[in-house]
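Here is a short tour of one protein model, written for someone who likes to check geometry against coordinates. Keep the viewer open as you read.

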Amino acid sequence: MNFVAFERKLQGTGASRRLRIAGKVPGIVFGAGEPAMIELDHNALFHALKKEAFHSSILDMELNGVVSKVLLRDFQMHPYKPQVLHIDFQRVDSTTKITKKVPLHFIGEENSVAVKTDKCTVNHVITELAITCLAQQLPEFIEVDLSGLTKGHSLHVNDIKLPEGIKVVTHGKPNPVVATPVEPAAEEVIVVAAAPAADDKKGKKGKK
């Protein structure tokens, strides 16, 4: 994906406020040289942020006619308005090593024994994974094949086939669960006691 940024000459709270009123978003690009203050068109950026690839891919940023490889690092949204307040990018090259969360794309669960035969549902415990790799090796997403899932057996991080050069960062958890089959809830059978028949009631009254 690519986008166009413009040099931001004025800085400070007042300047940023004026930019936002004019439909622009202030931002910064850091790494591999001097930080660059930039501004971007708000509407174009707002729609780009809705795309998964914008968050997990190396982007081509054009600034003053020069294209650089950058990675989205952070952005700030207004507390209640659909407005981007600020955005940060990092310059990367072939030697830059990064740690970033990438989304997981699950496939094959409808063909698994757990779902097809045992009528389980699959709980996606983790939907993104923190990885470390060279910037040029960053995958847009990691595919997780659930076709081998069986009842009573979860799929863990170590079961995922990772692209070459990709290492998972689990933050102290040795082998966390990624997806697990959940058995269907047993149907409750409610037994309602039959009310006495009308004749029985009359018979009882007659005996008295």
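## Terms and overall make-up

Helices here are DSSP runs of H or I with at least four residues, strands are runs of E with at least two, and both are numbered from the N terminus. Please bear in mind that this is a predicted model.

By that count, the protein holds five helices and 13 strands. Of its 208 residues, 35% count as buried. The protein exposes about 13,300 Å², and carbon and sulfur atoms supply 52% of that area. Among contacts between residues at least 6 apart in sequence, 66% join residues at least 24 apart.

## The barrel

Six strands close into it in the order β1-β3-β2-β6-β5-β4, with mixed pairing. From one strand to the next, the twist averages 45°.

How do the neighbouring strands run? As a reminder, strands of a sheet pair through backbone hydrogen bonds, either parallel or antiparallel. Strand β1 is joined to β3 (residues 36-41) by two bridges, and this pair runs antiparallel. Glu7 has Ile38 in β3 as its bridge partner. The pairing of β2 with β3 is also in the antiparallel sense, over six bridges. Here Gly27 has its bridge partner in β3, and that partner is Ile38. In contrast, β2 and β6 run parallel and are joined by four bridges.

The hairpin of β2 and β3 has five residues between its strands. Within this hairpin, Gly31 takes a positive phi near 90°.

## The aromatic cluster

How many aromatic pairs does the protein have? The count comes to three. In one of them, the rings of Phe3 and Phe89 have centres 4.9 Å apart and planes at 25°; the pair is stacked because that angle is under the 30 degrees used as the limit. Phe3 belongs to strand β1 (residues 2-7) and Phe89 to strand β6 (residues 84-91), so this pair links distant parts of the chain, 86 residues apart. Phe3 is buried, with a relative accessible area of 11%, and Phe89 is buried too, at 0%.

Phe89 also pairs with Phe54: the ring centres lie 6.4 Å apart and the planes are at 85°, so this pair is edge-to-face. Since Phe54 sits in helix α3 (residues 52-56) and Phe89 in strand β6, the pair ties together parts that are 35 residues apart in sequence. Both Phe54 and Phe89 are buried. Taken together, ring pairs link Phe3, Phe54 and Phe89 into a cluster.

Where is His42 placed? It is in helix α2 (residues 42-48). Is His42 buried or exposed? With a relative accessible area of 12%, His42 is buried, because this value is under the 20% cut-off.

Leaving out residues up to four places away in sequence, His42 touches Gly23, Lys24 and Val25, as well as Pro82, Gln83 and Val84.

## Positive phi in two loops

Two backbone angles are worth a look if you check torsions. Asn64 has a positive phi of about 55° although it is not a glycine. This residue, Asn64, lies in the loop between β4 (59-63) and β5 (66-77). At 57% relative accessibility, Asn64 counts as exposed, because the value is over 50%.

Lys119 has a phi near 60°, which is again a positive value in a residue other than glycine. The loop that holds Lys119 runs between α4 (113-116) and β8 (121-124). Lys119 counts as exposed as well, at 55% relative accessibility.

Methods
Residues numbered from 1 in each chain as written. Predicted model: local features only at pLDDT ≥ 70, side-chain atom pairs only at ≥ 80, totals over all residues. Heavy atoms only, no water. Buried < 20%, exposed > 50% of the residue type's maximum accessible area, 1.4 Å probe, protein only. Contact = heavy atoms within 4.5 Å. Areas by Shrake-Rupley, 256 points an atom, 1.4 Å probe, with all protein chains shown as cover. Phe/Tyr/Trp six-rings, centres within 6.5 Å; stacked < 30°, edge-to-face > 60°. Pairing = 2+ DSSP bridges. Axes fitted to C-alpha atoms, helices over the stretch in contact; angles between N-to-C directions.
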